[in-house]
Every structure is written in C-alpha cells, then in structure tokens.
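Please keep the sequence and the structure in view while reading.

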Amino acid sequence: MASAPFELKGKSVYVAGHRGMVGAALARRLAREDVKLVTVERRDVDLCNQAAVFDWFARVRPQVVFLAAAKVGGIFANNTLRAEFIYDNIAIAANVIHAAHLNRAEKLMFLGSSCIYPKLAPQPLREDTVLTGPLEPTNEPYAIAKIAGIKMAEAYRGQYGSDFISVMPTNLYGPGDNYHPELSHVVAALIRRFHEAKLSGAKNVVVWGTGTPRREFLYVDDMADACVHLMKTYSGADLINIGTGEDIAIAEFAHVVAEIVGYRGEISFDSSRPDGTPRKLLDVSRLDKLGWRATTSLHDGLKKAYAAYQAATIVPAQ
Ligand code: GDP
C-alpha cells in the first residue's frame with residue numbers, strides 16, 4: 001500500500017456525525033492533534049438536505065473531512081427500516097462528498113462498513129472482493145448506500161484527482177453506542193440485557209439467532225486512532241479494512257459479556273431471530289502494512305464499554 005504523508009497540523013478538520021459513537025471518538029482523538037476541529041449540529045445542518053450542506057460547506061470550507069455521519073443500527077433496524085437506511089445514507093454520502101469537492105477540501109475520508117462485502121465472500125474478507133457477489137439481504141440497503149459512497153470517492157479521485165479515501169470498519173462498540181433494545185447492535189444490546197437481568201435477578205437471558213454467526217469487534221477509540229493514522233499516511237483508490245483480524249462466535253461472545261457484566265443466570269438462543277451473515281472477519285493485512293494495529297483487547301474494550309454504559313444510565317439522586 002502506497003503511503004503518502006498528509007499534514008493535519010493547523011488544518012480545519014470537519015467531523016461529520018460527531019454526535020454518533022464513531023464521530024464522537026474521532027473528536028476525542030483529534031483533540032490530541034494540533035487541528036481546528038469543526039462540527040455542526042443536526043438542527044442547524046441536516047446532512048440529508050443538499051441545500052443546507054452546500055450552503056454550510058461554502059461558508060465554512062473545511063480543509064479536511066471525516067465522513068462518519070450515517071443512519072446506523074443493528075440487524076433488526078437494518079432489516080425493517082430499509083427505506084430510511086438506503087435513502088439517508090445515500091443522501092448523506094452524496095451531499096457531503098460533492099460539497100467537499102465543490103469547496104476544494106484537501107482530503108476526505110469516507111467511512112464504509114464490512115457489510116459491503118458479498119455474503120459468501122472468502123474469509124477473511126479482502127478489500128478487492130467488493131462487488132463480486134450478492135450481499136447479505138438483512139443489510140443490503142445500508143450496504144448499497146455505503147458502496148455508493150465508496151464509488152463516489154473513487155470516481156472523484158479518478159476524474160478530479162481529489163484525495164478522497166475510503167475505509168471499512170468491522171463491527172464497532174464503545175462509549176456512545178445506541179442501547180435501544182431492538183434497534184441496537186449486538187454488543188450494546190447484550191450489555192444492556194445482561195445488566196438489566198443482573199439487577200432484576202432474571203434467571204434467563206435471550207440472545208438472538210442461533211449463536212453460531214461469528215463477528216469481529218473493534219473498540220471505537222481504536223477505530224478513531226486508525227482513521228487519524230490513515231488520514232495522515234494513506235492516499236489511494238483502494239479500500240482499507242479496519243479491524244482486529246480476530247472474530248468470535250456470538251454464543252461465546254454472549255458468555256464473555258455476561259461475565260464482564262456479572263450476570264450468572266442462563267443464556268438461551270432465539271432462532272426465530274435472524275443470524276445475518278454467517279461470518280465477516282476482515283483481512284487487515286493492508287492496514288498492517290500501513291503501520292497500524294488494534295491495541296484494545298475485547299475484554300478490556302468490553303469493560304470500558306460497560307463502565308460507559310453504567311455511567312450513562314445512572315440516575316442522579318434527587
Ligand atoms: P450485523 O453484524 O450487521 O449482523 O449486526 P448486529 O450487531 O445487529 O448482529 C450481530 C449478530 O449478533 C447477529 O447474528 C445477531 O443475530 C446476533 N445477536 C444476538 N443477540 C442480539 C441482539 O440482542 N441484538 C442484535 N442486534 N443482534 C444480536
């Protein structure tokens with residue numbers, strides 16, 4: 001992988017999606033860089049609104065853009081809010097990437113997702129397997145929108161020479177996650193379910209699906225660190241996967257979460273819920289060659305995530 005030094009120092013850096021889990025982690029990480037961090041609230045600029053985005057970009061003209069804004073959710077949200085997931089994510093990608101182009105941003109990073117790879121692509125998933133086969137149906141609308149964003153970045157690079165790059169994170173978790181019981185991803189869902197079962201003394205906790213799918217989990221602050229590293233060192237049309245290179249079966253994962261939360265009851269599986277894709281372990285050899293590796297173990301990351309969940313859910317005494 002070609003590395004191309006890019007100076008962040010002194011630049012105005014826009015994090016799109018700074019209220020989300022990933023954008024907030026990026027803002028935390030960028031606070032350690034000598035940059036001018038730029039953010040804007042959704043009530044002021046709705047990223048699905050082309051005119052609002054174009055107007056804001058023309059006024060603010062950020063030099064660097066991390067496009068971490070997206071409508072996201074777990075397997076149930078992806079599978080039921082299919083129209084919203086495709087529309088919002090295509091609109092956000094189209095508006096922000098085109099506005100960055102119109103206003104001559106020096107560099108843009110588009111954040112995709114590991115669900116862009118074909119459902120049955122060989123594991124671990126190499127970046128060059130994108131668009132080689134059918135997608136996992138439960139998150140196809142989201143994946144198509146993310147593929148549109150990747151292809152936009154690639155097309156603007158090809159036609160205009162824009163320094164737009166795309167990275168594909170694996171399943172992320174950490175502070176600021178969405179803990180909605182139905183709409184969340186598996187990590188947040190299980191932290192909450194085991195925690196509530198521990199408090200109520202429930203004897204059984206239900207985990208969705210068969211427990212056999214395998215997933216790779218990356219702590220969100222590691223993700224942010226990888227993004228800043230790649231922004232500074234990588235330039236190219238090729239996608240870069242961001243993950244740990246290790247995965248775990250959902251059944252085993254559920255036991256790890258239960259142990260960290262301190263839930264000692266039974267765990268059962270509801271196979272009427274979808275499993276989704278059987279496995280999506282990322283091949284991280286490109287990332288490795290570019291000089292970055294995850295440092296937070298799953299155990300440590302889950303402990304931090306659980307602490308953040310508890311801190312966020314404690315009701316202050318009256
Ligand atoms: P995915 O990687 O896009 O499938 O995202 P999820 O994080 O939503 O789901 C990962 C895996 O965890 C799937 O096989 C789910 O069926 C399984 N899973 C088990 N329990 C839960 C739960 O309570 N919520 C969610 N979202 N997934 C769960």
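## Crossing of two helices

In this predicted model, helix 6 passes helix 10 in a right-handed crossing, meaning that the near helix is turned clockwise from the far one by less than a right angle. Two packed helices are described by the angle between their axes and the distance between the axes.

## Residues at the crossing

From helix 6, V187, I191, R192, H195, E196 and K198 meet L302, A305, Y306, Y309 and Q310 of helix 10, where contact means heavy atoms within 4.5 Å. By class, this contact has 6 nonpolar, 2 polar and 3 charged residues.

## The whole protein

The protein has 10 helices and 12 strands, which are DSSP runs (H or I, at least four residues; E, at least two) numbered from the N terminus. Of its 318 residues, 53% count as buried, that is, under 20% relative accessible area with a 1.4 Å probe, protein chains only. Along its principal axes, the C-alpha trace spans about 60 × 55 × 40 Å.

## Basis of the values

Residues are numbered from 1 along each chain as its sequence is written, and side-chain values use heavy atoms, without hydrogens and water. Local features need pLDDT of at least 70 and side-chain atom pairs count only at pLDDT 80 or more, whereas totals for chains, interfaces and linings use all residues.

How values were computed:
Ala, Val, Leu, Ile, Met, Phe, Trp, Tyr, Cys and Pro count as nonpolar, Asp, Glu, Lys and Arg as charged, and the others, Gly among them, as polar. Buried means under 20% relative accessible area, exposed over 50%, partly exposed in between (1.4 Å probe, protein chains only).
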